[in-house]
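Opened the notebook to log a few look-ups on this one.

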Amino acid sequence: MYDWPHWIIVAVFSPLLGAVLTPVVSLRDRRVAPWWALGAMTVSSFAASMLVIRVAKEGPFSYLPGGWERPYGIELRFDEFSASVAIICLIGWLALLYSWRYTECMHDMPKARIPYYYTLVLLNLGGMMGLVVTGDLFNVFVFLEILSLSGYALVAISGEHIAEMAAFKYLLMGAISSLLVLFAIAILFSITGSLNMADVTVILSKTTYTTPAALALAMLAIGFMVKAALFPVHIWLPDAHSIAPSPVSAILSGLVVKVGIIGMVRVYSIYNGANLLDLHVFNQVLVWLGALSIVMGAFFAIFQDDIKLMLAYSTISNIGYIVMGLGLSTNFSVIGGTVHVFNHALIKATLFFAAGALIYRTGFRTLTDLRGVGRVMPLTCIAISIGAISIVGIPPTAGFLCKWYIALGAFEAGQPFFGFALIFGALFIFIYYIRMVNAFYFQEPTRPEILELSEAPASMLFPTLLLAALCLVMGILGRIPLTFIEPAAARLLTPLGG
Amino acid sequence: MEVYDIRPMLAPAISFACSGMVFLFGSNKYWRRFWMLSASVLKLIVVLSMLPGSLRGVVYVFHLIDFTPGIGLGFRADALGMFFAAVSSTLWVITTVYAIGYMRGEEHLVRFFGFFALCVSTTVGIAFAADLLTFFLFYEMLTICTYPLVIHDETPEALKAGRKYLIYTLIGGAFILVGSVIVFNATGTLDLGSPGILSADIGTQTLALIFGLLITGFSVKCAIMPLHGWLPTAMVAPTPVSALLHAVAVVKAGAFGLLRTVYNVFGVELLSELGYTKPLMWFAGFTIIAASLIAIFQDNLKRRLAFSTISQLSYIAIGAAMLTPFSATAAIVHIANQAFAKITMFFVAGSIQRTTGKTNVHELAGIGYRMPWTMGAFTVAALSFIGVPLFAGFITKWYISLGALESGDYWVLAVMIASSMLNAAYFLPIVYLAFFKVPPGTKMRVTEASPTLLVPTLICAAYVIVLGTTAEVPGMPFSLAQAAVHFVFGM
């Protein structure tokens, strides 16, 4: 059953189609919207799981819509990196479930907007699914725009003035980065005459146009770096991620920035495969930017009192890990980096869900106001503690694997400095998470009214706890994603015919 | 001989499960006590059940799961690990009883005892870790689990101490992690089951880096100067926690890590070629003297004990660093000797505080008449630290001195003698005050501590004498230590 060729289309288009139809089906009763969206996502998740089973059993495969052979038609290519559809579906589905109750507490948002909220979330998820499975450069741009535009709108959706400002900032940065990506794709097209990634790789390896190709590489890299929020082009992220509704923050921070990473991986595989340019300089830039992101993200996070802002800065640090892993470009480090794409998504979604539940119940969002909340919302706070321990990378949680593998990669690559930077950078991160745990459990409440609240509703608690459990399980069962991603990492690092 | 057996994994797993029960059902006083005692007693039974086998030279191994290809969770109960496990599990039962008595009427008891029981689990995990990664995993878990205990009082002072504790130990942990990564990168294994996994062909630069990183990392918990700062500050914790930090779990985890690094990661042969242990000896020797000197000037009893701990721990480090069989024996048995003596002292300090409210040395005049049994136990522990024969501490000093003669480090003898005198200088005044200096007008009425406090204290004190007098009896920890020494020196 898993080898039915059309699952890939089902997986990508059911959220997109569902998105378009959400306002229609909820015309009469807007309470239908969440269930409709969940339904669309369930279909997509099922298809995605079939795809993942297939890639695990058969290795990468292609789908040619309409039967047009490449390079004439569009090619959808499903490889091990595309298996991130699984995590997109998981977190997307849980975020939709979580939104059901969460949207009620967004007082500034008119209730009539709720169906459109679900439309935007589904569009965003569908855009991501499309981007990770496509094998066509122009498709990359199309899906990138779908997910970016819906992302801008989602940040702004609460209708608060500050949300609009954050969304505008995000839009400005995002639009520039999209344009850079588009220009770069145009350059590549003019060099190679093709938009198919595999084809472009082959033709690039035979051309001598090194300068335009290098220009395109730089533009693509910067474009995707903005999407991934790497230091120093991260400035849109803290506001956007902290002001968006919590389920959206989970999606943006856990998934959308990762799409920037997947984009980088695709670019990397084209250029490394073509072997046209010497990528050493590029790699060094990535490693240094990664290291800077780790340190700067952690550094800014220390001074935040707002929990969501803190989590947002910590995303920058974690993107730093992943980019450093790619830049070190050894087998171990690439495996570590790509596995962290999955694991960080789990961890950060746990944290944002838990933080959202606290905000939903208490109405406060600063550590000072939230003191003592661990006494009345023990389960949510356990989830947040597990997330904190994972993100710092204490074994045996999910965050440890990436730290171990990237550090190993740094020593393998003969750049021990980055191994040190990575592991000691993680300590910085611990400082601010320990502040959070202290505030929730060990400090006297500054707002006594907190002590009369109760635990978050089940529909919010379930996604939070499930993801927290996964943070632990994926650490212990880490070899499953690792062995899965290993061939892909090896392929990424070998040039064509090399 | 290696035997595949689930027990090395079962020992931490049982107490882990029981601590979960403490969290779940701990709000009822009786269930809480039941699960806490289960955690420590069941674990002790499992550990002791392996003792006969260990004494025969059987090594129990168990491989639970690979996180990733090459690194995973493996357990291994060899002689050295069994020694540490047996000591810590025995002490844990006693400490649990004491803690139940001591913490009566305090707040947040579920949290306290839940994490207390978790520490039981992680300490045995450290003892039975089969590779550096498993070791590191439990080592970091121990840090995390002790944090809520250190800041139990939730006062700003306690929070500050907790922060200091975390910063020190986590930085130490990061050193260990980097060291482990380099070891794995150089050798492709992290296994602790052989007398040394590194070899000279890795290159002296890398070897020096690894040694520096691992030893620095472990020295934080082992409180070797200048990395000892967290330990005196962490004294704000409730007394059972101090006992736990100082005698059983945390500092011993550091000391045990040092032993593992010297004997199982590098191996005696390689290290004696490289000569890296000399600086460690100097640091340890300095710590022994300097910490004792500081201890003399402490008026707060627990602080005085804390600096005494710092001094005593370096015995283990210096014994390990001398790389001779005699000194290695001393280093290993000192894990037990120091643990029982120091925990006696902490129990005494806690009992005095609970019974009379006194925490400073100068207030203790005449206390020996109020609490004769308690202060008697203190005297036994003090004599042990001074190194009087028939008490446990003598054995350590004797073997370290023998080791110093063997390796030609004669200055260590001087350190031993000076340390004995300094120990006398800061412990005997307490004994003197307690028994011989009665302030005028004191009523000679005996008001001993409650039995749950007194009985554990007396058991520990009795054990100090047992360890000192019957060391050669087969089945005592000493024979395990000798088995471990024979293994690491290939004798």
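Started with Ser351(B), which sits in helix H14 of chain B, residues 325-356. This is a predicted model, so everything below is read off predicted coordinates.

Is Ser351(B) buried or exposed? I get 28 C-beta neighbours inside 10 Å for Ser351(B), so I log Ser351(B) as buried; the cut-off for that label is 20 or more.

Next I asked which residues Ser351(B) touches, leaving out anything up to four places away in sequence. My list has Met371(B), Thr374(B), Ala449(B), Leu453(B), Leu454(B) and Thr457(B).

**Second residue**

Moved on to Ala85(B), found in helix H3 of chain B, residues 79-102. Ala85(B) has 30 other C-beta atoms within 10 Å, so that one goes down as buried too. Skipping residues up to four places away in sequence, I find Ala85(B) touching Ala11(B), Val47(B), Val124(B), Ala127(B) and Phe128(B). For a distance here I took Trp31(B), 54 residues away along the chain: its C-alpha atom and that of Ala85(B) are separated by 26 Å.

**A helix pair in chain A**

Then I looked at how helix H1 (residues 7-25) and helix H2 (residues 32-58) of chain A pack. Their axes come within 8 Å and cross at roughly 175°. Angles over 145 count as roughly antiparallel, so I note H1(A) as roughly antiparallel to H2(A).

Which residues meet there? From H1(A) I noted several, among them Trp7(A), Ile8(A), Val10(A), Pro15(A) and Val25(A). The H2(A) side includes Val32(A), Trp36(A), Met41(A), Met50(A) and Leu51(A). By class, I have 17 nonpolar and four polar residues in the contact of H1(A) with H2(A), and no charged ones.

**Where the chains touch**

How many residues does each chain put into the contact? I get 22 residues from chain B and 25 residues from chain A. On the chain B side, the elements giving two or more residues are strand E2 (59-68), helix H5 (132-150) and helix H6 (156-187). H6(B) supplies the largest share of that side, 11 residues. Sorting the chain B side by class, I wrote down 17 nonpolar, two polar and three charged residues.

**Whole chains**

For chain B I have 20 helices and three strands. Its radius of gyration is 21 Å, close to the 23 Å that the globule rule gives for 491 residues, so I put chain B down as being as compact as a globular protein of that length. Its C-alpha atoms fill a box of roughly 75 × 55 × 45 Å along the principal axes. Buried residues make up 62% of chain B. Of the chain B contacts with a separation of 6 or more, 82% join residues 24 or more positions apart.

Chain A gives me 18 helices and two strands. The box for the C-alpha atoms of chain A is roughly 70 × 55 × 40 Å, and 61% of its residues are buried.

**Confidence**

Last, the scores. The model has ipTM 0.83 and pTM 0.88. Chain B averages a pLDDT of 83, and 98% of its residues score at least 70.

Definitions and conventions. Residues are numbered from 1 along each chain as its sequence is written. Chains are lettered from A and ligands numbered from 1 in the order in which they are written. This is a predicted model: local features need pLDDT of at least 70, side-chain atom pairs count only at pLDDT 80 or more; totals for chains, interfaces and linings use all residues. Helices (H or I, at least four residues) and strands (E, at least two) are DSSP runs, numbered from the N terminus. The radius of gyration is taken over C-alpha atoms; the globule rule is 2.2 Å times the number of residues to the power 0.38. A residue is buried if 20 or more other C-beta atoms lie within 10 Å of its own, exposed if 12 or fewer, and partly exposed in between; C-beta atoms are placed from the backbone. Two residues are in contact if their C-beta atoms, placed from the backbone, lie within 7 Å. Axes are lines fitted to C-alpha atoms, for helices over the stretch in contact, and angles run from 0 to 180 degrees between N-to-C directions. Angles under 35 degrees count as roughly parallel, over 145 as roughly antiparallel, 65 to 115 as roughly perpendicular and the rest as oblique. Ala, Val, Leu, Ile, Met, Phe, Trp, Tyr, Cys and Pro count as nonpolar, Asp, Glu, Lys and Arg as charged, and the others, Gly among them, as polar. pLDDT is the predictor's confidence in each residue, from 0 to 100.
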